[in-house]
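Shall we begin where the chains meet?

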Amino acid sequence: MSTQTRPPATEPTPSGDGATRKPPKRADGGVLSKPRGIVVTVIVALLALTWLFPLLWALVNSFREYDYTQANGYLSLGGWTTSNYEEAWSRGNFGLHLRNSLLVTIPAVLLTLWLSSMVAFVLARFSYRFNLMMLGVFLAANLLPPQALLIPVFRMFREVPLPMFMSDSGSLLNSFWALILVNTAFQMGFCTFVLSNYMKTLPREIYESAELDGASVWRQYWQLTMPLVRPALAALATLQVAWVYNEFFWATVLIQQGNKLPMTSALNNLRGQFFTDTNLVAAGSIIVALPVLVVFFALQKQFVSGLTLGSTKG
Amino acid sequence: MTGIELPQSKESPGAPPRGREKKLGARDRFTVIMMVTIPLLLVLALVWVPALLSVVLSFGKWNGFGDLDTIEWVGVQNYHDIVTIYPAFWPAIQHNLIWLVFLFLVPTVLGMLIAVLLDREMRGSRFYQTAFYMPVVLSVALIGFIWQLFYSRDQGLINEVFGTQVDWYGDPDINLWAVLVATGWRHTGYIMLIYLAGLKSVDASLREAAAVDGAGEVKTFFHVIFPVMRPINMIVIVIVVIESLRAFDIVWVINKGRNGLEVIGALVAQNVIGEATRYGFGSALAVIMMLISSVFITLYLRNVFREERRG
C-alpha cells in the first residue's frame, strides 16, 4: 500500500476501484453468518433513522402553523402551511444574507485553492530543505484554535483602512474582505497538505519532458499539474464551500454590522427576546441548511473524498 | 511507492538532492519564490504573528481603545487572576474536559462501530452512510437551532413526549449535556466517515487469513483491523481534542457561553466583544488554549512528518 493519499482507494462508495477489490473480500457474505447479518442490518437501519429524525422533524414542523401546534401539540398532524417560510425569509432577510455568504464563500474558496495549489506544487515538484517546515507552518495554522488569535486579528483589522468602495465600514473590520482573508489563511494548511500529497503521485516524467520543451515553472504548474489534480481540487472545493459557508466564529466576531452577517448568524433575527416560535426557527434552519445540502447531494462523492483525503494516509 | 522511478521526488533525510534547483533560470526562480511567499505571508500575518502577539498581550492590561503605549505591563498578573479569581475559568476547563471525554466515549466509539458495521456488503449501505454524515455538512451553530425543536421548554418534543417542563438549553445543570448530544449527532458521522475510509484500505487478504484461521468477528477486529487503523486512530484523537478545545459555535448561539455553558473559546470572545474589553486578560486565556492545543498539534505533525519521510 502506498503511503500517498490516493483518493480512489479512500472513497467509501466503491467506484471503478471497488469493482476489482470488493468481490473477493465479500463474495461469501464476509465473515458474518446470515442471522447475525440481519440483526446488524436492523440495528444500522434503526440508527440511521434516528440520525435522520432531527432534520426530518425540523422539515415537517417548518410546514406547520404555530397556532395549530400550540393548540394540538407537536405530536398531532395538521396545520399545514408555507407561511413560516415566507415569514422567515422576510424577517430573517435571508436574501441579503445569502448574498453575503456567497460574496465571502466563493472568493475565499477560490483564493484558498489557488494559493494552496501553488505552495503544494512547489512542495511536490522540488525538494528544498525547507519543504517539511513549510508544510508544518501551514498545517499547524490550520489546527490552531481560532479563538487564540482573535484579539490581535480583531485589533489589526480595526486599524487597517479600506477605501469606501471596498467596504463602507472604512476598515477591514466589518468587511467581507476580512472574512475572505481569515478563512483563506486558515484553510490553506489542509488544502496544501492534501494537494501536495496528490501531486506527489504524478509521475515525474511529465515534468522532465515539459522541461525539454522549455516550459517555464509557471506553465508546468498551470497547464500541466493543475489539470491533472482536478479531482482533488473538486473534492476540496466542495468541502471548502461547506466549511466557509458554515464558518461561524470569525463571522460573529469580525462582523458586527447586522446587514453584513452571513446566513447562519442571521438566524438570530428569528428569535425574539422573550419568545421564540420554533416552527419559524425550523423554517429558517431549513433555509440556511438548504444551500449546503444541495451542494452535498449534488457532489456527494467529491464531498466524501474531500473529507477523507487528508485524514487517511495509507 | 509505485513502480515508477522517482529519482529526486523525495527528500532523503540528511542529503537532500539540490542539483535540480540550480538549473532553474532567474525567471523560474522568481516564480517559485512568489508561489511560496504570497501564501506564506498571508498565513504568517493572519495566524503566526497574531499568535505571537497574543502571547505578548497576555502580559499586559489593555482595554484595546488607546494606542499601544496605553498598555500597562503587569507580568503574569492575568494568568494569576485567571486561575484564582476568575469565576468562569475552572467551570470552563471542566466543561471542555467533559466535552472531550464525552466526544471520545460516545460519538467516537459509536462512529467507529457504525463504520465497522457499514464496511461490509449490506443492502442500502450507501443510504445509511448518507444518513449518518448528512449532519456533518451542517454548521454547528445551525445544529443548535435545529435541536431547539427538541429542547425548547414550551415547544420542544422531549418535554411534550415525557410531559416534563425542563428547559434543556437553559438549566445550568443539564444544558451542557443537551448541547453534547446535539454536537455528538454531528460528530458521529464525521468519525464514521474517517474510519470507513480507513477500513477500505485494510487489505482484504488480512481479513480472509483471519477468517481461515477461525478468528471470530470480534477477534478479527481487535487483532487484524484495529492495528492497521493505528494512523487513523491518531488522527481521530487529534481531531477530537482540537474540536473539543475549539467548542464555541453552539454555546454562543444558545447563550454566549454563560450559565452552565462556559467554555474557554467563548470566554476569550466575551473579553473582546462583550461588555468589558479586557485584551490582556482575554489574551492570557487565548494563550492557555494555544498551549493545550500545541501539544496535540505537535503530535499530529510528528505523525505527518514521519509519513512524509517514509513516503
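## Where the chains meet

Across the interface of chain A and chain B, 15 residue pairs are in polar contact, both residues being at pLDDT 80 or more. A polar contact is a pair of N or O atoms within 3.5 Å; within protein, one must be able to donate a hydrogen and the other to accept it, and residues adjacent in sequence count only if both atoms are side-chain atoms. On the side of chain A that touches chain B, helix 3 of chain A gives the largest share, 15 residues. Helices (H or I, at least four residues) and strands (E, at least two) are DSSP runs, numbered from the N terminus.

This is a predicted model, in which local features need pLDDT of at least 70 and side-chain atom pairs count only at pLDDT 80 or more, while totals for chains, interfaces and linings use all residues. Residues are numbered from 1 along each chain as its sequence is written, chains are lettered from A and ligands numbered from 1 in the order in which they are written, and side-chain values use heavy atoms, with hydrogens and water left out.

The size of an interface is often given as the accessible area lost when the parts come together. For chain A and chain B the buried area is about 11,600 Å², with 71% of it from carbon and sulfur atoms; this is the accessible area (1.4 Å probe) that two parts lose on being put together, summed over both. In terms of contact (heavy atoms within 4.5 Å), 122 residues of chain A meet 122 residues of chain B.

## Chain A as a whole

Chain A has 16 helices and zero strands. Of its 314 residues, 60% are buried; buried means under 20% relative accessible area, exposed over 50%, and partly exposed in between (1.4 Å probe, protein chains only). Among the contacts in chain A with a separation of 6 or more, 73% are between residues 24 or more positions apart.

Which residues does the side chain of T278(A) reach by polar contact? One is Y74(A), whose side chain is joined to that of T278(A) at 2.8 Å, and another is Q155(B), at 2.6 Å from side chain to side chain. T278(A) is in helix 15 (residues 278-298) of chain A and counts as buried because its relative accessibility is 1%. Not counting residues up to four places away in sequence, T278(A) also touches residues including Q148(B), L149(B) and S152(B).

V217(A), in helix 11 (residues 217-228) of chain A, is buried with a relative accessible area of 1%. Beyond its neighbours within four places in sequence, V217(A) contacts F121(A) and F126(A), together with L24(B), D28(B), T31(B), V32(B) and M35(B). On chain B, T188(B) lies in helix 9 (residues 175-200) and is buried at 1% relative accessibility. Leaving out residues up to four places away in sequence, T188(B) touches W51(A), P107(B), L110(B), G111(B) and I114(B).

## Salt bridges

How many salt bridges does the structure hold over all chains? There are five. One of them pairs E211(A) with R125(A), with the closest N and O atoms 2.6 Å apart. E211(A) is in helix 10 (residues 205-212) and R125(A) in helix 6 (residues 94-125), both of chain A, so the pair ties together parts that are 86 residues apart in sequence. E211(A) is partly exposed at 30% relative accessibility, whereas R125(A) is buried at 2%.

E159(A) and R155(A) form a salt bridge of 2.7 Å, N to O. Both lie in helix 8 (residues 150-159) of chain A, four residues apart, about one turn of the helix. In chain B, R153(B) and D154(B) form a salt bridge with their closest N and O atoms 3.7 Å apart.

Notes. Salt bridge = Lys/Arg side-chain N within 4 Å of Asp/Glu carboxyl O.
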